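Welcome! Have a look at the sequence and the structure below, and then we will walk through a few places together.

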Amino acid sequence: MSKNIIFSGMQPSGVPHIGNYFGAIKNWADLQDDYNCLYCIVDLHAITIRQDPAELHKNSLNALALYIAAGLDPDKNILYIQSHYKGHTELSWLLSCFSYMGELGRMTQYKDKSANNPDNINLGLFAYPTLQAADILLFGSHLVPIGDDQKQHLELTRDIATRFNNIYGDIFTIPEVFTPKTGARIKRLSDPEKKMSKSDGEANYVAILDPADVVMKKFKRAVTDSDTEIRHDPENKPGVSSLLEIYAVATGTSIKSAEADFDGKQYGFLKTTVAQAVIDNVTNPIQEKYNDLIKNPDYLHQVAKKNAEKAAEIGEPILTNVKKAIGLLL
Ligand code: AQP
């Protein structure tokens with residue numbers, strides 16, 4: 001029996017951070033043996049915010065190297081760049097005729113990114129969730145592993161697919177969401193009320209490619225509170241709780257046992273221990289492999305090309321079914 005399909009992606013809008021890793025990439029690696037997985041670098045999503053061309057170009061190939069360095073096997077998974085397979089934009093247009101202005105306008109990400117970029121509230125930013133729906137539905141995906149912030153978009157994908165199926169029959173698979181129990185929303189160290197985000201600038205996030213001393217420095221500056229007790233209480237102690245969560249996901253322990261490890265300890269010790277856990281278990285091992293891979297851009301281009309072809313092999317029959325159902329002349 002063939003395996004169920006997973007689709008997920010990440011924007012090459014900056015160097016990925018530990019939120020992207022714990023919320024998404026780490027879980028992708030954990031799921032790769034049990035599913036047929038497409039893990040995409042969603043460059044078309046990234047350009048909904050103005051990107052520097054040279055940076056975007058560099059970040060796209062670097063993201064591919066990072067996927068592999070983080071444990072995604074390029075022979076087992078379909079690792080590719082979104083713009084290399086035209087099926088994404090083609091299905092996105094078709095689905096835009098089944099996406100309502102009202103529902104797109106209600107998306108939190110649209111509201112946040114519009115507020116942060118008032119001079120560039122473009123159509124692509126508004127239609128971002130329709131392109132995301134196309135990414136997912138194009139491959140008959142069963143499961144979509146994402147961080148918390150993308151749950152609302154996944155709900156919308158399900159609504160669009162259901163709406164389409166109600167009109168034309170069972171064309172789309174309705175995907176399920178997968179979010180990790182811990183690590184689905186890693187907070188900014190400087191402001192633990194907000195989620196860590198690539199677009200906040202590197203000073204505000206712990207990048208997977210930050211050298212060990214930089215990771216340590218960023219954690220040492222983490223905002224905590226004026227109390228002294230180390231316990232998990234997100235409402236009253238967001239900074240300390242966030243550090244405990246990062247420690248738990250970085251070491252593979254539960255929040256309860258993370259709390260026990262720091263019982264009676266001081267905040268300074270908590271910060272440096274969490275930093276060291278991230279360095280030892282995440283950033284250092286990934287960087288070691290990444291630094292090798294990035295020396296060989298030809299190999300990375302080959303992986304991207306071959307895998308975009310594999311994606312098209314899965315996507316084309318589904319795209320054809322959609323066009324037939326709508327009544328386009330083929
Ligand atoms: N802080 C986070 N904690 C846990 N998961 C997170 N993700 C993002 N931030 C966190 C998850 O990472 C995957 C890839 O995200 P993305 O690059 O497609 O876009 P995003 O969600 O908008 O992430 P960023 O870092 O905030 O990017 P920018 O600033 O460019 O918009 C997704 O599964 C996401 O949930």
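## A lysine and its neighbours

Leaving aside residues up to four places away in sequence, Lys237 touches Asp225, Asp227, Glu229, Arg231 and Tyr267, where contact means heavy atoms within 4.5 Å. Lys237 sits in the loop between α9 and α10 (238–251). Helices (H or I, at least four residues) and strands (E, at least two) are DSSP runs, numbered from the N terminus.

Is Lys237 buried or exposed? With a relative accessible area of 2%, Lys237 is buried; the term means under 20% relative accessible area, while exposed means over 50% and partly exposed lies in between (1.4 Å probe, protein chains only). Asp225 is 12 residues away from Lys237 in sequence, and their C-alpha atoms are 6.9 Å apart in space.

## About the model

What you are viewing is a predicted model, in which local features need pLDDT of at least 70 and side-chain atom pairs count only at pLDDT 80 or more, whereas totals for chains, interfaces and linings use all residues. Residues are numbered from 1 along each chain as its sequence is written, and side-chain values use heavy atoms, with hydrogens and water left out.

## Two helices packing

Helix α9 (residues 212–220) packs with helix α12 (residues 267–293) at an angle of about 145 degrees, their axes 9 Å apart. Here axes are lines fitted to C-alpha atoms, for helices over the stretch in contact, and angles run from 0 to 180 degrees between N-to-C directions. Among the α9 residues that meet α12 are Val215, Met216 and Phe219, and the α12 side includes Val274, Val278 and Ile279.

Val214 also lies in helix α9. At 26% relative accessibility, Val214 counts as partly exposed. Its C-alpha is 9.8 Å from that of Ala203, a residue 11 places away in sequence.

Now to the strands. β1 (residues 5–10) is mostly covered, with 5 of its 6 residues buried. β1 pairs with β2 (residues 36–41) in the parallel sense over 6 bridges; strands pair if DSSP finds at least two bridges between them. Gly9 stands opposite Cys40 in β2.

On the other pairing, β2 and β3 are also joined in the parallel sense, over 4 bridges, and Ile41 has Ile81 in β3 as its bridge partner. Both faces of β3 (residues 78–81) are covered: Ile78 and Tyr80 are buried on one side, Leu79 and Ile81 on the other.
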